[in-house]
Amino acid sequence: MKLIRQHSFLFILLVLVSIQKSKAQYNSMWIPDTLSGTNFNLDIKDTFSQIVNTGNQTITAGINGKFWGPTLFFNQGDTVHMNIHNFLNDSTTLHWHGFHLPAVMDGGPHQVIPPGSIWQPYWKVTNNAATYWYHPHLHTMTEEQITKGLGGLIIVRDPIESALALPRKYGVDDIPVVLTDRDFNTSNQFTVVPYGDSMLTNGTLRAQYTVPSQVVRFRILNGAIERSYNLGFSDNRSFYVITSDGGLLNAPVALTRYLLHAGERVEILVNCSGQSGTTVDLKAFNASLGNFVAGGENFPNGPFANALGKIDFNILHVNIGPATASPITTIPSTLTNNILLNAANANITRKLTISDSSASLIPGVTILGPNAFILNHKLFDITHNEYEVPLGNTEIWEITSSSVFGHPFHIHDVEFNILSVNGAAPDAAQAGWKDVVFIPGATGGGPGGGGTPSVVKFIAKFDDYADSLHPFMFHCHISLHEDEGMMGQFIVTNKTTGVKDLHATGPEFSIFPNPANNKIFISFADASTQAYYVRITNAVGRTIYMLPRPQLNNGIDISSLAKGIYYLELTDEKTKQTSTRKFIRE
Ligand code: C2O
Ligand code: CU
Ligand code: CU
């Protein structure tokens, strides 16, 4: 009798605990809305969102919504027109990560959108079918603006991918999964830190989702500030990688783990056929990461301390439900036939370096932590073009890193092919089109430095778009490092014909001093040049000054301009050709 009573008491307790748990444990994963067509309206706003289940809403920023933004569908070959309205109280930018487009449309730090302004870039989509994304890129503000929630996915379709028997029902068997983590203060507000204590999957804490019992595609973006995620399933099942960042692989690659770094995307197929009624967890197996891979460190305190460091944790609790009508049930054996770039065709090998510099050695720069991570031995300078890449060049970029830490390196304008990582060919799942490549830390080094430098080589072709004014960026995709100056820029030039370079045919001149805060002066390469017209526009092309036949000897007074980047367009009296130069009002 006593035994039975004890048993039933235990049973009731267990039932109560499990009811409590199932209520509190999971939230249903949010799926971003979609926009398609060729005209896209994106409103960037400060807002708030109930991210934590109880208590205060979190102050966030969203694009057409409360956190994050809509998923944009592009068709290869279409010209897409963007209408971006910045309703924030701050300037921002919106960068089309992974896209091949004119530099002036790129949305990097040079295409600032001031508060209240509208920016309307447009370009022809030439990228392969794959998963891309858009996010703010305002220098020194990227970490903060991404933390608040700004960003969104882009899915490109093309005829090759569309002809394959792949899951393609968005939110049903083709599921966007945006990975990031956040730190909440006691009143549920985000703190701007490199590592959060809580996993956010599509902006959802403790996310769960029901998928059909068939082949399911997950499009996974690492949208974190810093952390890498070592993806895998709780039952160690195989999954099939079908894309690298910028397109399909030749064939699916079966894996049980895939290490995804900040900025990278991967699409995977998972076969859930016949598993209706079961569950499995998509996890980050980060306990096994090395100490110098983001998320593999375990700082007990200080600015990098966080609850997810060097542990395994859940990303998504997957409930497997009934199959849909006409399900995909098999993994295709081949996908596409990539024609990769050949190192023998390279015009040049550019040698870049990544190194650590003691933060205390850099005057006037605030660095979180002991090290500044730097490219080519210097911090980012928005007025300095590190390279001039001739239009049409095929280039090998060889990155040698003596940094103790691993850095995901990203370049704008192009998709590239990895040639080697420390002498070895890339893994099969990375042997396609990429725009982020992980540069491992020096081997055998420690916090004090030392070790054997890592060397990563990739190859890219710089086609189509030359612009001597607007540069493209290359940088570490850990937003903290990027904001602290681990970034550089290059211009693509067209010296031969000038046809695609809008700025190559006008008068040769330079602006001095630059930066300036009072007056700027013009110096002509040919002293006989007369100015017919000068127009000064701000970073979004709003005309500030129109000066017909200006007297330039006394300079141009710019003291009333707000601080920032400006363009001075000068028309030659004789030829009526114009050239533009950039200057900075400091
Ligand atoms: Cu996703 Cu230059 O960035
Ligand atoms: Cu980018
Ligand atoms: Cu970095």
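Figure 1. Arginine 219 is counted as buried, its relative accessibility being 2%, where buried means under 20% relative accessible area, exposed over 50% and partly exposed in between, with a 1.4 Å probe and protein chains only. Its partner in a salt bridge is glutamate 267, with 3.0 Å from N to O, a salt bridge being a side-chain nitrogen of Lys or Arg within 4 Å of a carboxyl oxygen of Asp or Glu. Glutamate 267 is also buried, at 1% relative accessibility. Because arginine 219 belongs to strand E17 (residues 215-222) and glutamate 267 to strand E22 (residues 265-271), the pair ties together parts 48 residues apart in sequence; helices (H or I, at least four residues) and strands (E, at least two) are DSSP runs, numbered from the N terminus. Both residues also take part in a network of salt bridges that links Glu161, Arg168, Asp174, Arg217, Arg219 and Glu267.

This is a predicted model, in which local features need pLDDT of at least 70 and side-chain atom pairs count only at pLDDT 80 or more, while totals for chains, interfaces and linings use all residues. Residues are numbered from 1 along each chain as its sequence is written, chains are lettered from A and ligands numbered from 1 in the order in which they are written, and side-chain values use heavy atoms, with hydrogens and water left out.

**Figure 2. The site of the copper ion (ligand 2).** This copper ion is coordinated by His95 (NE2) and His410 (NE2), at 1.9 Å, donors being N, O and S atoms within 2.8 Å of the metal (3.2 Å for Na, K and Ca), and because water is not among the atoms, sites may look incomplete. Histidine 95 sits in strand E7 (residues 95-97) and histidine 410 in strand E29 (residues 407-411), so that distant parts of the chain, 315 residues apart, are linked by the pair. Histidine 95 is buried at a relative accessible area of 1%, and histidine 410 is buried at 0%.

**Figure 3. The site of the copper ion (ligand 3).** Here the coordinating atoms come from His407 (ND1), Cys476 (SG) and His481 (ND1), at 2.0 to 2.1 Å, and the donor residues follow the sequence spacing H-x68-C-x4-H. Histidine 407 in strand E29 and cysteine 476 in strand E33 (residues 467-476) are 69 residues apart and link distant parts of the chain, and both of these residues are buried.

**Figure 4. The interface of domain 1 and domain 2.** The protein is divided into domain 1 (34-321), domain 2 (343-493) and domain 3 (509-585), with bounds from an automatic or database domain assignment. Between domain 1 and domain 2 an area of about 3800 Å² is buried, 60% of it given by carbon and sulfur atoms; buried area is the accessible area (1.4 Å probe) that two parts lose on being put together, summed over both. Of the area that domain 1 buries against domain 2, His100, His110 and Phe292 supply 18%, more than any other three residues. The rule finds 3 salt bridges across this interface.

Figure 5. Threonine 394 lies in strand E28 (residues 394-401) and is buried, at 6% relative accessibility. Apart from neighbours within four places in sequence, its contacts (heavy atoms within 4.5 Å) include Asn345, Ile348 and Lys461. Lysine 461, partly exposed at 33% relative accessibility, forms a salt bridge with aspartate 463, the closest N and O atoms being 3.0 Å apart.
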